[in-house]
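Please read this briefing with the structure open beside you, and look up each residue as it is mentioned. The points are grouped by topic.

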Amino acid sequence: MNMLIKLVRNALGLVIVSVDVLTRWSRVKRTPEAQLKANEAAKHLTLYHFFACPFCIKTRRAIYKLNVPVEKRSAVQGSPFRDTLLQGGGKVQVPCLHIRHPNGDEQWMYESGEIIAYLNKQFSVS
């Protein structure tokens with residue numbers, strides 16, 4: 001029974017990911033200088049995710065639309081990034097955005113809505 005649930009979950013995940021890729025919005029356009037600034041700011045961000053998680057897909061769509069090269073790390077069972085997520089953030093929950101602030105502070109932000117709001121505030125083009 002457990003194997004059947006896993007198979008169905010994986011199949012649905014592939015369908016969701018396929019729909020995501022086929023329906024993506026266009027990316028934000030910036031001047032070359034503004035894009036370099038966004039790229040530099042993104043170096044301080046890491047997204048921990050599962051490939052087929054609907055909330056992770058929602059978050060990755062926002063990252064794609066904002067045209068921000070956020071490093072992505074899979075936190076699947078057996079991944080060393082899963083241990084990093086657990087040690088740093090205190091729990092294995094995805095999506096999780098790890099933010100390394102310029103003053104040396106770190107923040108582990110959970111919840112797709114909160115992550116997307118943060119990214120929109122930091123990277124939206126007016």
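In this predicted model, the hairpin made by S3 and S4 has 5 residues between its strands, and Gly 104 in that hairpin takes a positive phi near 100°. The two strands, S3 and S4 (residues 106-110), run antiparallel and are joined by 5 bridges.

**The largest nonpolar core**
- The largest nonpolar core has 16 residues, and those with the most contacts inside it are Leu 45, Val 70, Leu 97, Tyr 118, Leu 119 and Phe 123.
- At least two residues of this core are supplied by each of helix H2 (32-42), strand S1 (45-49), helix H3 (54-66), strand S3 (96-100) and helix H5 (112-123), and the largest share, 4 residues, comes from H5.
- Apart from this core lies another one, of 9 residues, which includes Ala 75, Leu 85, Cys 96 and Tyr 110.
- Leaving aside residues up to four places away in sequence, Leu 45 touches Val 70, Glu 71, Leu 97, His 98, Ile 99, Arg 100, Tyr 118, Leu 119 and Phe 123.

**A nonpolar patch on the surface**
- Met 1, Leu 4, Ile 5, Leu 7, Val 8 and Leu 12 form a nonpolar patch on the surface, and together they have about 650 Å² of accessible area.
- Leu 12, one of the patch residues, is found in helix H1 (residues 2-22).
- Is Leu 12 buried or exposed? Leu 12 counts as exposed because its relative accessible area is 51%, and the cut-off for exposed is over 50%.

Notes
Residues are numbered from 1 along each chain as its sequence is written. This is a predicted model: local features need pLDDT of at least 70, side-chain atom pairs count only at pLDDT 80 or more; totals for chains, interfaces and linings use all residues. Side-chain values use heavy atoms; hydrogens and water are left out. A nonpolar core is a set of buried Ala, Val, Leu, Ile, Met, Phe, Trp, Tyr and Cys residues joined through side-chain atoms within 4.5 Å. Buried means under 20% relative accessible area, exposed over 50%, partly exposed in between (1.4 Å probe, protein chains only). Contact means heavy atoms within 4.5 Å. Patches are made of residues with over 30% relative accessible area and no salt bridge: like charges are joined within 9 Å, nonpolar side chains (Val, Leu, Ile, Met, Phe, Trp, Tyr) within 5 Å. Accessible areas come from the Shrake-Rupley method with a 1.4 Å probe; for residues, only the protein chains shown count as cover. A salt bridge is a side-chain nitrogen of Lys or Arg within 4 Å of a carboxyl oxygen of Asp or Glu. Two strands pair if DSSP finds at least two bridges between them.
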